[in-house]
Amino acid sequence: MADTPIIIDNAKCRGCKKCITACPFDALYMEGKLAVLKPEECRACNACVKACPFFAISSAPEAEAKAAASLADFKGIWVFAEQHHGKVQEVAYELLSTGRRLAKDRGCDLAAVVLGHNIADSAAHLIAAGADKVYLVDQPGLAEYEANVYTDALNQLVAKYKPEVVLAGATAVGRAFFAKVAVRARTGLTADCTALSIDPEKHLLHQTRPAFGGNIMATIMTPNHRPQMATVRPKVFKMATPDCKRKGATLLEALTLVAASTKIVKSERNTSSVNIAEAEIIVAGGRGLKKAENLEQLKKLADLLGGVVGVSRACVDAGWISAAHQVGQTGKTVCPKIYLACGISGAIQHLEGMRSSDTIIAINSDPNAPIFGVADLGIVGDLFEILPMLIEAIGSKRKN
Ligand SMILES: Cc1cc2nc3c(=O)[nH]c(=O)nc-3n(C[C@H](O)[C@H](O)[C@H](O)COP(=O)(O)OP(=O)(O)OC[C@H]3O[C@@H](n4cnc5c(N)ncnc54)[C@H](O)[C@@H]3O)c2cc1C
């Protein structure tokens with residue numbers, strides 16, 4: 001067995017330091033003009049092997065075999081099923097529907113993990129939504145989300161069961177603690193994915209998300225570490241119809257919980273701000289509205305239709321309305337039955353947040369506006385003429 005996971009051939013090393021820059025674990029240093037390995041820091045990721053232009057670094061065959069074998073220890077796809085006061089969040093069901101497809105492609109089990117208290121009822125719902133197994137940790141110390149406690153609990157389960165893939169919703173909770181779980185598991189995490197698939201040959205999770213301000217879609221992989229972890233925003237994937245006849249196993253786990261670093265005195269739901277992510281009808285406006293006062297027309301139409309007002313970032317940046325209404329990459333992802341876009345051009349960052357809506361209707365004076373590329377119904381015209389007509393027509397229908 002080689003003593004180190006990688007071998008440096010001093011005769012070939014030219015002291016260019018490219019390996020040092022490439023190493024994500026700070027496991028190499030210079031001694032005179034030669035690169036030297038700190039074996040205890042090396043994670044055998046092979047970044048230095050790939051970076052060396054002089055082929056001076058190679059991975060020890062034994063280390064390669066060991067790394068491959070240890071990756072093979074990780075099996076199964078997990079979905080972290082976030083719950084609040086016993087109610088599993090919809091995003092968990094959306095992830096289970098995608099998780100089912102991934103598990104089929106990978107030929108493995110799909111499991112849901114629930115942390116909380118008095119959550120036993122959730123198992124049946126999660127199995128109906130596609131889970132083969134549900135790991136339930138039902139303890140008073142998990143009743144309210146606390147970052148340290150949740151992080152440690154999930155890390156304990158990951159260390160014990162070694163899942164190959166772990167997914168979570170990119171919610172406030174998911175965003176806050178999932179990154180900590182990934183750091184402690186010494187693996188990678190891709191946040192806010194918009195597509196997930198499994199490479200049938202290498203079994204790698206392809207994690208696709210917008211990058212460079214939404215100008216490109218990047219597909220990210222985690223080739224050397226496990227589990228492969230990703231978060232997905234609510235409403236990006238569609239929920240499957242539950243199958244109440246599905247059978248699955250529920251495994252009750254008892255964990256020794258770490259002490260919480262914060263004390264929750266009281267928790268209150270913020271009902272004052274609008275939740276556009278859950279709306280079935282969204283009447284959305286953009287810079288084409290020209291000024292804040294014109295949002296009133298959208299509000300009128302939204303009220304008539306029983307919907308809510310959404311906006312492009314241009315309206316939020318102009319200070320016309322709060323960010324709670326913003327749809328898009330840096331706003332909310334929505335999936336309503338009807339999305340009516342008025343005076344919105346359809347920039348990629350906006351489309352990222354609404355393109356999976358059931359029916360998209362666009363009103364825009366520019367026939368070449370990109371929003372028409374995703375619209376099911378497009379009206380080329382002046383929104384200041386069309387909106388009053390719609391309000392009038394729908395208003396009089398409501399009266400009759
Ligand atoms: C990193 C990053 C993140 C971003 N995140 C988001 C995000 O989350 N959400 C988001 O929306 N944007 C986001 N943006 C901004 C995005 O790139 C666009 O600038 C923004 O979406 C444009 O808003 P808009 O369509 O309202 O305005 P514009 O692009 O100016 O479009 C206005 C439209 O109104 C039409 N119009 C004008 N007058 C009328 C009229 N009388 N009747 C009918 N149509 C009319 C015009 O033809 C035009 O198509 C982000 C940008 C970056 C760089």
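Begin by selecting strand 12 and strand 13, whose hairpin has 6 residues between the strands, and look there for His 203, which takes a positive phi near 60°. Helices (H or I, at least four residues) and strands (E, at least two) are DSSP runs, numbered from the N terminus. What you see is a predicted model, in which local features need pLDDT of at least 70 and side-chain atom pairs count only at pLDDT 80 or more, while totals for chains, interfaces and linings use all residues. Residues are numbered from 1 along each chain as its sequence is written.

If you select Ile 198, you will find Leu 205 of strand 13 standing opposite. Strand 12 (residues 195-198) has a covered face, made of Leu 196 and Ile 198, and an uncovered one, made of Ala 195 and Ser 197.

Next, colour the chain by domain: domain 1 covers 6-71, domain 2 covers 73-252 and domain 3 covers 276-399, with bounds that come from an automatic or database domain assignment. The C-alpha centres of domain 1 and domain 2 lie 33 Å apart, and 5 residues of domain 1 are in contact with 4 residues of domain 2, where contact means that the C-beta atoms, placed from the backbone, lie within 7 Å. The side of domain 1 that touches domain 2 has 3 nonpolar residues, 2 polar and no charged. Here Ala, Val, Leu, Ile, Met, Phe, Trp, Tyr, Cys and Pro count as nonpolar, Asp, Glu, Lys and Arg as charged, and the others, Gly among them, as polar.

Now select Leu 126, which, leaving aside its neighbours within four places in sequence, is in contact with Ala 81, Val 88, Leu 96, Ala 112, Ala 131 and Val 134.

Finally, show the ligand and the 29 residues around it, of which Gly 286, Gly 288, Ser 312, Gly 328 and Ser 345 come nearest; a residue counts as near if its C-beta atom, placed from the backbone, lies within 6 Å of the molecule. Among the elements that give two or more residues to this shell are helix 9 (313-317) and helix 11 (383-399). Which element gives the largest share of the shell? Select helix 10, which gives 3 residues. Coloured by type, the shell divides into 8 nonpolar, 17 polar and 4 charged residues.

Note on methods. Buried ≥ 20, exposed ≤ 12 C-beta atoms within 10 Å, placed from the backbone. Pairing = 2+ DSSP bridges. Contact = placed C-beta atoms within 7 Å.
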